[in-house]
Amino acid sequence: GKDKELIRGSWESLGKNKVPHGVIMFSRLFELDPALLSLFHYSTNCGSTQDCLSSPEFLDHVTKVMLVIDAAVSHLDDLHSLEDFLLNLGRKHQAVGVNTQSFAVVGESLLYMLQCSLGQAYTAPLRQAWLNMYSIVVAAMSRGWAK
Ligand code: HEM
């Protein structure tokens with residue numbers, strides 16, 4: 001439907017430059033919630049937030065996040081096929097001390113990146129389409145938090 005077209009159309013250009021767009025997203029995330037920085041065990045090796053974000057380990061994580069988004073965009077027609085992967089990914093994030101509430105801030109940072117990168121193409125329906133996909137991904141990851 002329309003949602004999928006909006007997501008695929010916007011990801012076509014962004015997905016070609018994953019790292020810079022992921023860096024915009026994570027700069028925003030650490031600005032909104034600086035405490036998240038300390039959940040990365042390698043954050044002690046860097047000084048400022050900007051230093052951290054340009055370190056290889058952080059760029060690696062940014063790349064991993066963008067690849068998960070890329071996988072979700074590629075599987076818009078069968079997102080459920082990613083369920084086991086996302087549940088396990090959630091488990092790993094629980095293990096490093098992430099709270100499921102932080103995913104709301106991550107979502108806000110994703111939208112911020114989209115807005116910065118898409119300019120005029122960032123419309124209310126596009127925003128909603130991305131939110132819908134993101135909430136499916138977050139719901140699947142959240143199942144990884146043991147009750
Ligand atoms: C791994 C933190 C959000 C995807 C990790 C690791 C940490 C971490 C500490 C382990 C070290 C590493 O691999 O660099 C966080 C924090 C987040 C966050 C604090 C925000 C609250 C996300 C999101 C995604 C994601 C939204 C994707 C949708 C991954 C992947 C790995 C990973 C794919 C590698 C897992 C593996 O080793 O199999 N994350 N993460 N992360 N993260 Fe995140």
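Tutor: In the side chain of His 61, an N or O atom is 2.7 Å from a nitrogen atom of the ligand. That pair is a polar contact, meaning a pair of N or O atoms within 3.5 Å (within protein, one must be able to donate a hydrogen and the other to accept it, and residues adjacent in sequence count only if both atoms are side-chain atoms). The side chain of Lys 92 has an N or O atom 2.7 Å from an oxygen atom of the ligand, and for His 93 the distance from a side-chain N or O atom to a ligand nitrogen atom is 2.8 Å.

This is a predicted model, in which local features need pLDDT of at least 70 and side-chain atom pairs count only at pLDDT 80 or more, while totals for chains, interfaces and linings use all residues. Residues are numbered from 1 along each chain as its sequence is written, and side-chain values use heavy atoms, with hydrogens and water left out.

Around the ligand there are 16 residues, the closest being Tyr 42, His 61, Lys 64, Lys 92 and His 93; a residue counts as near if one of its heavy atoms lies within 4 Å. By type, the shell holds 11 nonpolar, 3 polar and 2 charged residues. Here Ala, Val, Leu, Ile, Met, Phe, Trp, Tyr, Cys and Pro count as nonpolar, Asp, Glu, Lys and Arg as charged, and the others, Gly among them, as polar.

Helices H4 (56-74), H5 (83-95) and H6 (102-118) each give the shell at least two residues, and H4 has the largest share, with 4 residues. Helices are DSSP runs (H or I, at least four residues), numbered from the N terminus.
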